Amino acid sequence: MARLEVLKTYKIYIGGQFPRTESGRYYSPKNKNGQSLANICLSSRKDFRDAVVAARGAFGGWSGRSAFNRSQILYRIAEILEGRRLQFVDELIKQNSSTKDAENEINLSIDRLIYYAGWCDKFQQVFSSVNPVASSHFNFSVPEPTGIVAIIAPQNTSLLGLISVIAPTIAGGNTCVVLASENKPLCAVTFAEVINSSDVPGGVINILTGKCSELIKYFADHMDVNAVVYCEKDKESQQLIKEKAALNVKRVLLYDSINWEDEEKGQSPYFIIDTQEIKTTWHPIETVGSAKAGY
Amino acid sequence: MNMIAEKKIAAIPDFSNSPHIDHVGVEERASRFTKRSIKAETKLNGLKLTLNMIDLTTLEGKDTDGKVKQLCYKAQHLHDSYPGLPTVAAVCVYPSMVGVAKKSLEGSGINVASVATAFPSGQASRDVKIRDVKFAVNNGADEVDMVISRGKFLQGEYNFVFDEIAAVKEACGSARLKVILETGELVTYDKVRRASDIAMYAGADFIKTSTGKISPAATMPVTLVMLEAIRDFYYKTGKMIAMKPAGGISKSKAALHYLVMLKEILGDAWMNNHWFRFGASSLANDVLMQLEKERTGVYQSANYFSVD
């Protein structure tokens, strides 16, 4: 007997929950054959606001974890992703990829997570410094996470671009709110399910779907967001982001000409450092008289 | 005079006959208030009214003069970059801090409220409680927040509770008396209603839900039960009683829900800070953030508002 297929409801991911958009609006992106992919939540500014609240709530806990623990959790995401690769391949094919490209993309995505898992407890050493100063102080600089990063994910890839911008952000101890690719949103929602079963605390990664044109203003001007990432070449949007971000002096990161498939250029510890602040400490050396130069 | 006194005594009902509360009905009704559509202009007015109804509160063992002074400064300068904001209604502190608060708030029109009667447990002798109240009043408290003896109330000793409230009211002199029922310890709505009736007949100017030290503190259904008690009391005696939900109301959206409920149950006469207060500490900042959001069109961050 014929069986009715159970179709998946693609919802958004906020604070470790899968709510529908509060706006009650949906859209149906199509692939190149004109086939409707799914009914996708058209997130509103209020969904974004809620996601920022969740991200702020999660920041203290996430940034306070040991770097080694964050590393383990990133590795865990990769493990779970590996286990569900067939589902992602299937979705990538639905979204215009060839089988070969789809397999390549999921492989790269998993490898990228492992890459950043490795960097979690190493980038601090690489980017920290002990600074020579002309007074009796021990002076050192260390990177610290900037806070909440609002990310508009690359539009032309469904999974690899998304992971390439999320992984370095959370590896450094930030929390994030991500807007998935507008025309290829399937993998983002499924990736949220992966995150949800990988020991990532709720609120560390929040994933919205919807239209960049509607939400970009709020990504850029929300006073509680500390950095905004944009990956497209659209000059008007870049300008808008720069202007609005000036309100609270957000970091603006424009990754508009990066080939995420390139293992040289698409991944690097500098992506982690982009969302870090360098904190310098002047520590007085007590026994001034007997102290020799040195640390 | 005599006749009035007699009439008063005769009017005191048997509190064991206080109305029973329909648990399901009250919760259903209370949840309806959260579903009203509130338009932008109304919201703006509601938020400002909320600010004006707040009793900015610090009731910590670690409170110091400095902390209280800081809170009093905040009460007068909620967010100076927003012109034309109202101040809060009162600053609520422990009796030992009343003097400091009074001095800091001089000339501001903001009242000093003090908890008293061995707050928050209320486990002390009548004598100690009365002295606690007098100490607060002598130091300049405009309002006194007392706790009822929940243990005695739950034992069924309503006369004890009634007499205690009446004695404290007398000790208050001209200060307005808020009676804290600590609804989280009374458990059922029936008991909340009964305690409300006792407090009002014994001379309370306000009835107040909670100390903020027990969870659950103020909830919509509990507040609804108390508002209805106030309404019934008003119909019987013609005397208005004020209401103060306290504890657990930290978001402006929730505050607006309370205002909707207040308007629908008691009406416009109660829609000001003489007849309604919010006991809260973190609510003020959330309201300020919403007001700024409405003014600038930009979602706000707690980083740009003073720490309470």
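User: How many residue pairs in polar contact does the rule find across the interface of chain A and chain B?
Analyst: Keep in mind that this is a predicted model, and side-chain atom pairs count only at pLDDT 80 or more. For polar contacts, with both residues at pLDDT 80 or more, the count is three residue pairs.

User: Which elements give two or more residues to the side of chain A that touches chain B?
Analyst: On that side, 11 residues of chain A are in contact with nine residues of chain B. By class, chain A brings three nonpolar, two polar and six charged residues. The elements giving two or more of them are helix H1 (45-64) and helix H8 (212-221) of chain A.

User: What share of the area buried between the chains comes from carbon and sulfur atoms?
Analyst: Interface size is often quoted as the accessible area lost when the parts come together. For chain A and chain B that area is about 830 Å². Carbon and sulfur atoms give 54%.

User: Which element gives the most to the lining of the largest pocket?
Analyst: This pocket has a volume of about 1,000 Å³. Its 34 lining residues include Arg49(A), Ser252(B) and Asp286(B), which are among those nearest the centre. Chain B contributes through helix H3 (40-52), helix H12 (252-265) and helix H13 (283-296), each with two or more residues. The top contributor, with seven residues, is H1(A).

Terms used
Residues numbered from 1 in each chain as written. Chains lettered and ligands numbered in written order. Predicted model: local features only at pLDDT ≥ 70, side-chain atom pairs only at ≥ 80, totals over all residues. Heavy atoms only, no water. Contact = heavy atoms within 4.5 Å. Buried area = accessible area lost by both parts, 1.4 Å probe. Polar contact = N/O pair within 3.5 Å; in protein donor to acceptor, adjacent residues only side chain to side chain. Helix = DSSP H or I, 4+ residues; strand = E, 2+ residues; numbered from the N terminus. Nonpolar A, V, L, I, M, F, W, Y, C, P; charged D, E, K, R; others polar. 1 Å grid on protein atoms, 1.4 Å probe; cavity = no way out; pocket = protein on both sides within 12 Å on 5 of 7 lines; lining within 4 Å. Points joined across faces, edges and corners; volume = space filled by probe spheres on them.
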